[in-house]
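Hi everyone, thanks for making the time. I'd like to walk you through one structure today, going from the whole chain down to a single residue.

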Amino acid sequence: KNSAKAMEKELVTCSLQEKEKIAIDRSQIFQIPQRKDLETKVIVVLGKAGMGKSILVQKICQDWSNGEFSQFEFVFWFDCKQISLPEKQYSLKELLLEFFVKPQEGSKEIFEYMLQNPDKVLLIFDDFKGLHDHENFPRCSASQPEKDLCNIKELLSGLIQKKVLNGCTLLFTARPKDKLYQYMSKVDKTIEIVGFSPQQRELYITKYFEESLYCDSALKLIKECEYLFSHCYSPVMCRFVCFLCETVLEMGEKSLPSTLTEVFLKFFQQKIMFMQTDVTTTQNQESLATLARVAWCLGEKHQSAMKSDLIPSKEVKEFALKYGFFLPFAFPRHSDSEEEEFGSTFSDFVIQNFLCALHLLLAEELKDKNLTKYLSFLSKKKKPYNWLDLMPRFLAGLMFLQNDPYFCSLSNEDEKQSTKKQKTLLKYIRRLQINTLCPERLLELLCCVYETQNNYLLQHVALRLEPELSFLGIVLTPPDVHVLHSILKRSRKEFSLDLRNSSIDMQGLQALVSLRNVTSFRASLSDTVRLWKSLEQTKDYELLKASTEKFVLDPFKAKTMKDISDLSNLVEMQEKMMNCVQEASGCTSYEIPAIRNLRKLEFALGPACGLQGLLKLVKILAAFPSLQHLDLDALSENGIGDEGAKSLSEVFPTLTSLETLNLSQNKITDLGAENLAAALPSLSSLKTLSLYNNNICDFGAENLAKVLPAMTSLRVLDVQYNKITGVGAQQLTDSLRKCPHMKNLVMWNPTIPYGVLEHLHQLDSRISV
């Protein structure tokens, strides 16, 4: 399970450039190389809520209807919100031929044909999050799952476990944090939708307004509000912002709201309160409060749909449908005589999140001091409401907007209550130990505080941030970066940022790096080099020089061939930097500090790429003048062998600062040891050499023994777990007598008799037994 978690984390937090390099076309989604055609294929499309996963599957269905994806004769698309109600049961036949489509005749023959030809069937389950609770998926216990009634969890379990319709293709869409861990080993392909780039945001906004009177002014207005423009990376948020912008321009206003809470407050007000009387205002307030309670009750269960007859009243149902907050759907009937049942689902995840926050604020049974427990920067012992991920931000924002005329039109809460709730939040955050929060919770705190736009809170948080802020492996969206930038800017402290594997975009990286009080940063090498190349092209040499001086690389661990390529690109960038700096300042030479100051380099590519990666690495090792520790020992064993050892030994004369060289577990034999020995004296600063667990025999030991006296800086040599016998051990011992500088020789080998090793230890105590 833990390895599956790690696998998923790697899938969804690679650098931006990695994602773009492996971007795929829609036509490639179902291409799975080296896969048996007879087995069920499982494809997962990951993406945050609102990224366009549902639009993608709709487009797949449309493309199929137009003749694409001809390998499938049947395509079925299900919204998991609608089919996952716990009280509903289906057989596979009902799900396919009653819920999705109802053939007028021949349904039995069609179903039998699908059972015999499962490879021609594509099943799409959209919004997989609706199927998760705190229990693991049950095993499919039905004896005839194709025909027996079972709940959707059992049915899906049977499909994934290949007990039902084995050989079909399953496509799931889900949020990256949803609990797919137990199925990761069964997933054949994972795709992630990462949202709009700044250029795509502009294109969407331009297309939205292309036939409008406000075509020219809309884009300008949205871009002026940087926070809202950053939220437009999400297609669904982009649509909401465009809708609001259109409303604002029609009303003759000159600016947009400054926070997401204000956007949706105004959105609800525009939807509900347009052209209404005092009587309907009261009715709408009551209906909205009831709908907010429904949103919360469903949200606590990780649901967004319900049977229509469970909605508290006809008025609330009509209200929700009238203003587009609910969408209706029909359940399949088990028989023609059965009465048709209908369900309702929230039209959008953001609307449900906003309504949940509204409920928490308006609910009379909730005391003010209890409100803070629903914010997701709580202690690790308490459960955060991750499924309603925007709700805490809306809740914090609404606490400071209760005197807003838009809020007053949605509720009848008095001013005393709102002031009390604000004081509760202020007191809670003042007491919060910000320096103890994990990166995810800290980021959530910053976003919640930003939504309040309260100067005291913003300043309070800014002044209490730790100087070293790590967001290693935490996905930073454009809005997250905007908030972080805004709050760091308020602080008088100097900060060091770790942004590796955060998927930060180039504009966000540039914004953070350009802050004067950000004095150092770490980021994915590929993203950093990409930023520098962009600054070079725009001739922004001042920021280019400043950002290279802030960049930190030490220590660096290479795990993939891409890491080696990125390191090579960094060295190449230094050559270009020389020309840039020379042009800007007249200096004749320039070293990127990160290159100059790299002291420790770990190499862990494993046996498949170990030799290939090392041969590429040795070409640039000379570029790191301060390199003190070169570690080629990895748990998966790099296996560079004799060829790698020879190649490395050729660059020893350039490694003048190297103090530790670890070549353990690399399948080096006598031939490799001979090449190493010839070059080792040129490592003038070497203090520790480890050749632990290789295949070195007496001939290799003899060559090492010959050069030991010449290696005057060496203090520790480790050659244990090789194939050295008593002969080689004696040669090393004889050489050790000529090496007063040596402190320790570790050479226990299974091929050396214990008595011999004990005798040698008695002769020289520096030999470890």
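Before anything else, one definition: when I say contact, I mean heavy atoms within 4.5 Å. With that in hand, residues 24 or more positions apart account for 76% of the contacts in the protein chain with a separation of 6 or more. Please keep in mind that this is a predicted model.

Now for the inventory. The protein chain has 32 helices and 21 strands. Of its 769 residues, 54% are buried.

Let's look at the open sheet. Eight strands make it up, in the order E14-E15-E16-E17-E18-E19-E20-E21, and the pairing is parallel. Which strands stand at the edges? They are E14, residues 556-558, and E21, residues 767-768; each has a single partner strand, so one side of each is left without a neighbour in the sheet. For E14, strand E15 at residues 600-603 runs parallel to it, and three bridges join the two.

Strand E7, residues 189-192, has Lys 189 and Ile 191 on a covered face, while Thr 190 and Glu 192 are on an uncovered one.

On to the helices, and two packed pairs. Helix H8, residues 198-208, packs with helix H9, residues 215-224, at an angle of about 140°, and their axes are 9 Å apart. That angle makes H8 oblique to H9. The crossing of H8 past H9 is right-handed. On the H8 side we have Glu 202, Ile 205 and Thr 206, which meet Leu 219, Ile 222 and Lys 223 in H9. By class, that contact of H8 with H9 divides into three nonpolar, one polar and two charged residues.

The second pair is helix H19, residues 439-452, with helix H20, residues 455-463; they pack at about 155°, with axes 8 Å apart. H19 is therefore roughly antiparallel to H20, since angles over 145 degrees count that way. H19 passes H20 in a left-handed crossing. Who meets whom here? From H19 come Leu 446, Val 449, Tyr 450 and Thr 452, and from H20 come Leu 457, Leu 458 and Val 461. The contact of H19 with H20 has six nonpolar residues, one polar and no charged ones.

Is Arg 464 buried, partly exposed or exposed? Its relative accessibility is 41%, so Arg 464 counts as partly exposed. Leaving aside residues up to four places away in sequence, Arg 464 touches Ile 434 and Lys 493. The C-alpha atoms of Arg 464 and Asn 435 are separated by 7.3 Å, with the two residues 29 apart along the chain.

Last stop: helix H16, residues 391-399. Nine of its nine residues are buried, so H16 is largely enclosed by the rest of the structure. Among the buried residues of H16 are Arg 393, Phe 394 and Gly 397.

That's my tour, and I'm happy to take questions.

Key:
Residues numbered from 1 in each chain as written. Predicted model: local features only at pLDDT ≥ 70, side-chain atom pairs only at ≥ 80, totals over all residues. Heavy atoms only, no water. Pairing = 2+ DSSP bridges. Helix = DSSP H or I, 4+ residues; strand = E, 2+ residues; numbered from the N terminus. Axes fitted to C-alpha atoms, helices over the stretch in contact; angles between N-to-C directions. Parallel < 35°, antiparallel > 145°, perpendicular 65-115°, else oblique. Left-handed = near helix turned anticlockwise from the far one by under 90°. Nonpolar A, V, L, I, M, F, W, Y, C, P; charged D, E, K, R; others polar. Buried < 20%, exposed > 50% of the residue type's maximum accessible area, 1.4 Å probe, protein only.
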